[in-house]
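Please read it alongside the sequence and the 3D view.

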Amino acid sequence: MSRQPHSAPDPTHRLVPSPAGRIHLVEQGTGPLVLLVHGFPESWYSWRHQLPALAAAGYRAVAVDVRGYGRSSRPGDVAAYRMLELVEDNVSVVHALGERSAVVVGHDWGATIAANSALVRPDVFRAVGLLSVPYSPRGGPRPSEVFAGMGGDEEFYVSRFQEPGRAETEIEPDVRGWLAGFYAALSADTMPAPDAPDPHFATRGGTLRERFPAGRPSWLGEVELDFYAGEFERTGLSGALNRYRNMDRDWEDLADFDGAPVSQPSLFLGGSLDASTTWLADAIAAYPTTLPGLAASHILDGCGHWIQQERPDEVNSILTDWLDALPG
């Protein structure tokens with residue numbers, strides 16, 4: 001990919017029109033467009049280490065607040081958070097920035113949004129980078145049925161998030177404390193020991209927070225936690241949680257893409273201690289079929305789920321090397 005490395009200018013905040021109303025984005029640098037899509041429960045801010053690095057490497061790095069988060073629009077209808085709507089938000093951002101195409105890179109839910117953006121709109125997204133959550137093609141039973149069957153006597157967190165208002169009741173009385181515990185539960189240096197109760201599950205009638213560790217991960221200082229907590233204290237959690245409440249709709253909407261590969265040039269980065277990587281090991285093993293354009297699959301040893309914040313230098317190096325090698 002053709003670009004000219006240079007010193008990075010300061011980031012710029014913008015609001016651009018989208019089918020939801022508006023998308024807030026943070027832009028840094030000039031050159032080929034790289035769209036960065038965050039996961040739950042985060043914001044554009046989760047890419048704070050990547051924006052200047054990509055800009056300095058000669059790219060136009062743009063991190064969005066996904067619909068429902070931050071300063072982006074938060075529709076009231078739960079169905080407004082279905083995957084096809086989020087794909088169109090990404091398309092609208094590319095066009096609002098005066099571009100015809102982009103590389104899309106996502107983390108967590110953002111990885112799934114990025115993969116589906118490349119799948120559904122290959123005319124716009126010419127390459128895709130996935131962090132933490134592997135690509136797994138649409139297929140199998142209805143998602144809600146799968147999640148309901150996990151955990152036995154305990155309840156999987158995704159199932160708990162399905163019912164509007166339920167997770168909000170647990171989180172919103174103490175957003176800062178809940179977020180700190182959730183981030184710690186999935187960070188390499190603070191996650192519970194392998195023989196401890198799994199924080200992805202809760203007892204029937206209990207809370208997820210009961211299993212969160214008390215420590216603070218090294219990447220999460222007061223400034224970082226203040227930012228995240230401030231965003232969700234202002235917006236509430238419903239917009240973010242509504243992504244989980246559309247998984248069955250996505251399964252229906254994407255029926256025509258059942259088993260479909262993402263054929264564009266691709267990259268995967270995961271953490272060796274991240275449950276998303278270990279639980280979905282079969283999805284990673286299937287990459288020769290599901291991601292035929294895969295350049296490399298990196299598993300960072302001793303890294304947890306928040307990969308671009310836990311290991312920013314390594315992630316920046318891998319991302320820029322991959323971007324530099326893409327065809328122009």
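## Basis of the model

The model is predicted; local features need pLDDT of at least 70, side-chain atom pairs count only at pLDDT 80 or more, and totals for chains, interfaces and linings use all residues. Residues are numbered from 1 along each chain as its sequence is written, and side-chain values use heavy atoms, with hydrogens and water left out.

Helices (H or I, at least four residues) and strands (E, at least two) are DSSP runs, numbered from the N terminus.

## Helices α2 and α3

Helix α2 covers residues 83-96 and helix α3 covers residues 109-120. They pack at an angle of about 80°, with their axes 9 Å apart. Axes are lines fitted to C-alpha atoms, for helices over the stretch in contact, and angles run from 0 to 180 degrees between N-to-C directions. The angle therefore makes α2 roughly perpendicular to α3 (65 to 115 degrees; under 35 is roughly parallel, over 145 roughly antiparallel, the rest oblique).

From α2, the residues that meet α3 are M83, L84, L86, V87 and N90. Their partners in α3 are W109, T112, I113, N116, S117 and V120. By class, this contact has 7 nonpolar, 4 polar and no charged residues. Here Ala, Val, Leu, Ile, Met, Phe, Trp, Tyr, Cys and Pro count as nonpolar, Asp, Glu, Lys and Arg as charged, and the others, Gly among them, as polar. Contact means heavy atoms within 4.5 Å.

## N116 in α3

N116 is found in helix α3. N116 is buried, with a relative accessible area of 9%. Buried means under 20% relative accessible area, exposed over 50%, partly exposed in between (1.4 Å probe, protein chains only).

Leaving aside neighbours within four places in sequence, N116 is in contact with M83, V87, R121 and L254. E27 is 89 residues from N116 along the chain, and their C-alpha atoms are separated by 23 Å.

Helix α7 spans residues 175-185. Of its 11 residues, 9 are buried, so α7 is largely enclosed by the rest of the structure. The buried residues are V175, W178, L179, A180, G181, F182, Y183, A184 and A185. They pack against α6 (166-171) and α8 (222-235).

Helix α15 has 14 residues, 312-325. The expected span is 1.5 Å times one less than the number of residues. For α15 that gives 20 Å, and the end C-alpha atoms are 20 Å apart, which agrees. The buried residues in α15 are P312, V315, N316, I318, L319, T320, W322 and L323. An α-helix has 3.6 residues a turn, so residues three or four places apart point the same way.

E155 lies in strand β7 (residues 154-156). E155 is buried, at a relative accessible area of 10%.

Not counting residues up to four places away in sequence, E155 touches R160, R166, H200, F201, A202 and R204.

## Loop residues

S132 sits in the loop between β6 (125-131) and α4 (143-148). S132 has a positive phi of about 80° although it is not a glycine. At 0% relative accessibility, S132 is buried. Its contacts beyond four places in sequence include H107, D108, F268, D274 and H305. A polar atom of the S132 side chain lies 2.9 Å from the backbone oxygen of H305. W109 is 23 residues from S132 in sequence and 9.2 Å away in space, C-alpha to C-alpha.

D108 also has a positive phi, near 60°, and is not a glycine. D108 lies in the loop between β5 (102-107) and α3. D108 is buried, at 10% relative accessible area. S187 is in the loop between α7 and β8 (201-203). S187 is buried at 0%, and touches P217, W219, W306 and E310, not counting residues up to four places away in sequence. P41 lies in the loop between β3 (33-37) and α1 (50-56). A cis peptide bond joins F40 and P41, with omega about -15°.

Technical notes: Polar contact = N/O pair within 3.5 Å; in protein donor to acceptor, adjacent residues only side chain to side chain.
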